[in-house]
Amino acid sequence: MTAPLIRIEDLHKDYVTGAGRVPALDGIDLEIGAGEFVAIMGPSGSGKSTFMNILGCLDSPTRGRYLFAGEDVAGLDADRLAAVRSGAIGFVFQGFNLLARMDALDNVALPLVYAGVARASRRRRAAELLERVGLGRHAHHRPAQLSGGQQQRVAIARALVNAPRLVLADEPTGNLDTHTSVEIMRIFAELNREQGLTLVLVTHEADIAGYARRLVRFRDGRIAGDEVAGGGAP
Amino acid sequence: MKLDDLAGEAWRALGANRLRSALTMLGMVIGVGAVVLMLAIGAGAQYMVNRAIASMGTNLFIVLSGASTSGGLRFGAGTTPTLTLDDAEAIGELPTVAAVAPIAPGTAQFVYGASNWSTLVRGTTPGYLKVRDWPLAEGRMFTRAEVRSSARVVILGQTVIENLFGGADPLGRVVRINSSPYTVIGTLAPKGQSLDGRDQDDVAIIPVTTAQRQLFGSRFPGTVRYLLVQARSPKLMQRARRQMEALLRQRHRIPAGQPDDFTIRNLTALAQTASRTARVLSIMLGAIASISLLVGGIGIMNIMLVSVTERTREIGIRMAVGARSRDVLLQFLLEAVILSILGSLVGAALGVGIAWLVSELVAMTVVVTLWSIVLAVVVAAAIGIFFGWYPARRAARLRPIEALRYE
Ligand SMILES: Nc1ncnc2c1ncn2[C@@H]1O[C@H](COP(=O)(O)OP(=O)(O)OP(=O)(O)O)[C@@H](O)[C@H]1O
Ligand SMILES: [Mg+2]
């Protein structure tokens, strides 16, 4: 077995509010290997989003170790974290989070701007990925001119554009109807199967989680279960 | 992130809200326009004053008949002439004095052919040209011998020549001054306006004796209205004044303790005061205009703060996909600087345009200098950076998750 892409040891995250300390994550230990497709489920407030943010280097843990591709990223400063995000991580959000001013192509190309890629290759690569998510003909539509499912596909293309080692999706189908959700999940499953993309996804729906090959359950900031899921079954 | 990408992002962000960007820029347009215009007006005033001063002559005293009190000239000063041609001669002998010109002024009617023109005539001596640093355009000055013999010769200023002769050559012609014939022996080089805005070229010069005895006559023969005296150097001005005072008191037999019956004024010092006043005026105009520049800068800061708040989520998204805080800082800073520089360029063009209109319509001298435009644009850019810095910092310091969560 190769070294895991993600190794997390005794990870804690406390939020300090007016009411006192809220332990959102309370000692997480987890390993995720390259090429895995993991779904995370759990009741509301169990710390799933908090965990995803730390996983995606958007936030730092209060305590504990986080090794990403062998590098300890738990104590990195904001700019180093930005560099890790820019080079190795893609996000898909529940609310799509596209920039309304830009057309689909420019939205997809945005991460490459910050990675310092030249304009011509940016556009070529973005067009390629739009093609892959089936939106080749919508390259010059703005988010407002696209349906929810189409917007989420643009977001997936954006998450993939700088060839990340890890894609994180926090409730990516939360704002979509069942039919569209299925479309999106098929894209994810295909990316994982055919390109070996490492995927971690948060969902509240069992049939969405069913596309993953491993299911991690959260409860009160701890891991309450870790099992093989539907997508992994033969 | 590359600079051209950064500029592209900034430009696009500004383009997304055109009306707001334009209105924000308007603050800078007005500020820079006002600065350029005011500096042009100030520089114009200074230019006029300096030119008038240069045309006046250097190290110059005027000696008037009559005493002065601390509050100014005593009543009647200059009306009872006490200064004589001999006084002028004696002052001319002083070691500190370079040249003296007694002046007997008056107005007279000039006729040449069908043209006639009324102008100021100064009766004086050959020293006049030296005292006033006034070269001849053509011909010659009258001589001391011609002064002694009260010759009927005249030297004409350019305005008089224009009005009497049109394009013709006046040298050697005979003009009638108050009906008597005078030969034109020289013409004066053009001088332009004086400090008080009079046309200095509307003048004619004749020997002082001719003026006194023939043209104007005098109730007090042998006296002149005033003397112009040029000291040898700026350093000798004080010495020259003291020597003149002593000399005139002695010549006029004024007992100790009695006030002078003449007044010596330092024209050069007066001119320097005028020049300083013009400079202060121009600085003040610029300073007042700079306030509007400052207001423009505050407008930029205000809009950038609003913009940062409005675009918090956008900032979060950019950070999530790999933007560093420096990228965010530079983008917002660049937006502010683009607004201020673009505004300042438009403002400079507007200022130059209005300055030109003013000079055309109001016949006021305005001098648009390149440095004033460069200064205004550089200051505007600095203002953009200064007032853009705080909002940009605020944007750059946002934490990605909080920015993403912002509604
Ligand atoms: N910024 C914050 N400040 C204070 N407390 C927070 C903050 N974010 C989350 N929490 C708290 O941390 C706990 C975990 O929240 P988190 O958002 O990770 O839950 P979740 O599992 O994603 O829930 P959901 O399924 O509703 O999205 C909750 O108790 C929440 O109130
Ligand atoms: Mg959540």
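**Entry 1: helix α6 of chain B**

I began with the cover over α6(B): the buried residues of this helix are covered by elements that include β4 (97–112), β5 (115–124), β7 (153–156), β8 (174–177), β9 (180–188) and β10 (203–207) of chain B. I note that the model is a predicted one.

I then looked up which residues of α6(B), spanning 158–165, are buried, and found Thr159(B), Val160(B), Ile161(B), Leu164(B) and Phe165(B). I recorded that residues three or four places apart in an α-helix point the same way, because such a helix has 3.6 residues a turn. After α6(B) comes Gly166(B), and I read a positive phi for Gly166(B), near 65°.

**Entry 2: the surroundings of ligand 1**

I turned to ligand 1 and found 14 residues around it, the closest being Ser44(A), Gly45(A), Lys48(A), Ser49(A) and Thr50(A). The site is shared between chains, because the residues surrounding ligand 1 come from chains A and B.

By kind, I sorted the shell into three nonpolar, eight polar and three charged residues. In chain A, β1 (6–17) and α1 (48–55) each contribute at least two residues to this shell. I found that α1(A) gives the most, namely three residues.

**Entry 3: polar contacts of ligand 1**

I looked up the contacts made by oxygen atoms of ligand 1. One such atom lies 2.8 Å from a backbone N or O atom of Gly45(A). For Ser46(A), I read 3.3 Å between a polar backbone atom and an oxygen atom of the ligand. The side chain of His204(A) has an N or O atom 3.0 Å from an oxygen atom of ligand 1. Lastly, I noted that ligand 1 taken alone exposes 640 Å², of which the protein buries 67%.

Definitions and conventions
Residues are numbered from 1 along each chain as its sequence is written. Chains are lettered from A and ligands numbered from 1 in the order in which they are written. This is a predicted model: local features need pLDDT of at least 70, side-chain atom pairs count only at pLDDT 80 or more; totals for chains, interfaces and linings use all residues. Side-chain values use heavy atoms; hydrogens and water are left out. A residue is near a molecule or strand if one of its heavy atoms lies within 4 Å of it. A polar contact is a pair of N or O atoms within 3.5 Å; within protein, one must be able to donate a hydrogen and the other to accept it, and residues adjacent in sequence count only if both atoms are side-chain atoms. Accessible areas come from the Shrake-Rupley method with a 1.4 Å probe; for residues, only the protein chains shown count as cover. Helices (H or I, at least four residues) and strands (E, at least two) are DSSP runs, numbered from the N terminus. Ala, Val, Leu, Ile, Met, Phe, Trp, Tyr, Cys and Pro count as nonpolar, Asp, Glu, Lys and Arg as charged, and the others, Gly among them, as polar. Buried means under 20% relative accessible area, exposed over 50%, partly exposed in between (1.4 Å probe, protein chains only). Contact means heavy atoms within 4.5 Å.
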